[in-house]
Amino acid sequence: MRLGSRLTRPPVALGLLLGILLTASGCEDAPSILQPRANEAAEIRNLAIILLAICGAIFLIVQAWLIYNIVRYRRRSAEEPVQDHGDIRMELTWTVIPILIVIVIFILTVNYMDVLTNPPSNMEIDVTGRQWWWEISYPAADFSTANEFYVPIDETVRARLEAADVIHSFWMPQIGGKTDMIPGHTNQSTFTITQEGEYLGECGEFCGVQHAHMRFLIFAVDAAAFSQWVEQQQQPAAAAEGEQAQAGEALFLSAGCGGCHTVRGLEGAAGLAGPDLTHVAGRTSLAAVTLDNTPENLARWIDKPQAVKPGNLMPEVAVSVDEIQALVAYLEGLE
Ligand code: CUA
């Protein structure tokens, strides 16, 4: 029996549809574009609902008309029905109505594009997509961070988007639409988050084996909390305290970690290939939201980064268990 004829059986088709719906609704933790938390995402959601309503109405009308005609003109006798050719009114109707629908959709879309592009903004950040993490710079405040960042609510933020290696895509489902990040070409995305909270962002363009582990967190806070965070981020790294952490700091430099990672305030640690670690202990996650930021996970990451996230650019450095503990003690002090 052919697959096609199997699928046309109502119970099979219905079961498949139900399965798809259940799977789609099963992602409870995934941020939903239907629950926007920013003006821009709300605009996109509203437009999507209008388009769905228009398309849904067309679908229902066409299906109803089809079923009516199938029943009304079904074969009743062996005689051949009257043959008919062309009808100018019908031709005009099914040409003009679709054109009108497309014009309405075009006007709605252009109107929304105008709302979404280039609204006035007085805060700019630079976001660079890298395999496989995010670098976020605050040019006005002169610091960079990685994978987790703060913005004030009710403020329109303009993110200038770049890519350091391949094409990535900046996407925060509850905040706005996807925007490609293209090497050598700066795009931008503006967003105005209206509700305090922690929102997940992700890479929306396949960019290599760890594409799925290229995520970020955006914390939307009130203006006072935001200024406090900026002030804290501007500080140089805390000095290592305690024997173990000091040993870790020395090892950080001698093992070459500073060649890829910047720790502001630590001489010899100004590398730009990996995330800025000046305040790494203040982040909630590691490796672009792959692991929770705990001492155990940090040790695991330093020990075998290729086992946690195969293919990433962090090399495995030959260090003993004690040395890993010293590095962890040092990094956990970088609040
Ligand atoms: Cu970066 Cu996918």
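**Figure 1. Helices α6 and α9 are roughly perpendicular to each other.** Angles under 35 degrees count as roughly parallel, over 145 as roughly antiparallel, 65 to 115 as roughly perpendicular and the rest as oblique. In this predicted model, local features need pLDDT of at least 70 and side-chain atom pairs count only at pLDDT 80 or more, whereas totals for chains, interfaces and linings use all residues. Residues are numbered from 1 along each chain as its sequence is written, and side-chain values use heavy atoms, with hydrogens and water left out. Helix α6 (residues 243-254) packs against α9 at an angle of about 100°, the axes being 7 Å apart. From α6, the contact draws on Gln244, Ala245, Ala247, Gly248, Glu249, Leu251 and Phe252; from α9, on Glu323, Gln325, Ala326, Leu327, Ala329, Tyr330 and Leu331. Contact means heavy atoms within 4.5 Å. Axes are lines fitted to C-alpha atoms, for helices over the stretch in contact, and angles run from 0 to 180 degrees between N-to-C directions. Helices (H or I, at least four residues) and strands (E, at least two) are DSSP runs, numbered from the N terminus.

**Figure 2. The axes of helices α3 and α4 cross at roughly 175°.** Helix α3 (residues 39-72) and α4 have axes that come within 10 Å, and the crossing angle makes the two helices roughly antiparallel. On the α3 side the meeting residues are Glu40, Glu43, Ile44, Asn46, Leu47, Ile50, Leu51, Ile54 and Ile58; Ile101, Ile105, Leu108, Thr109, Tyr112, Val115 and Leu116 meet them from α4.

**Figure 3. A nonpolar surface patch of about 990 Å² includes Ile107.** Ile107 belongs to helix α4 (residues 88-116) and is exposed, at a relative accessible area of 53%. Buried means under 20% relative accessible area, exposed over 50%, and partly exposed in between (1.4 Å probe, protein chains only). Patches consist of residues with over 30% relative accessible area and no salt bridge, like charges being joined within 9 Å and nonpolar side chains (Val, Leu, Ile, Met, Phe, Trp, Tyr) within 5 Å. Accessible areas come from the Shrake-Rupley method with a 1.4 Å probe; for residues, only the protein chains shown count as cover.

**Figure 4. Salt bridges link Glu124, Asp126, Arg158 and Arg160 in a network.** A salt bridge is a side-chain nitrogen of Lys or Arg within 4 Å of a carboxyl oxygen of Asp or Glu, and by this rule the count comes to 6. Glu124 and Arg160 meet at 2.6 Å, N to O; Glu124 sits in strand β1 (residues 123-130) and Arg160 in strand β5 (residues 156-163), 36 residues apart. Both partners are partly exposed, Glu124 with a relative accessible area of 34% and Arg160 with 26%. Asp126 also forms a salt bridge with Arg160, with 2.8 Å between the closest N and O atoms. Asp126 lies in β1 and Arg160 in β5, so this pair ties together parts that are 34 residues apart in sequence.

**Figure 5. Arg264 and Asp276 meet in a salt bridge.** The N to O distance is 3.7 Å. Arg264 and Asp276 both lie in the loop between α6 and β11, 12 residues apart. Asp276 is buried, with a relative accessible area of 12%.

**Figure 6. Gln174 lies in the loop between β6 (168-171) and β7 (179-181).** Gln174 is buried, at 12% relative accessibility. Beyond residues up to four places away in sequence, Gln174 touches Pro31, Ser32, Gln35, Pro36, Arg37, Ala38, Ala41 and Tyr199. Arg45 is 129 residues from Gln174 in sequence, with a C-alpha to C-alpha separation of 9.6 Å.

**Figure 7. Asn147 and Ala287 have positive phi values.** Phi is near 65° for Asn147, which is placed in the loop between β3 (143-146) and β4 (148-152) and is buried, with a relative accessible area of 7%. For Ala287, phi is about 55°; Ala287 occupies the loop between β11 and β12 and is buried at 16% relative accessibility.

**Figure 8. A cis peptide bond joins Gln131 and Trp132.** Omega is about -5° for this bond. Trp132 is located in the loop between β1 and β2 (133-138).
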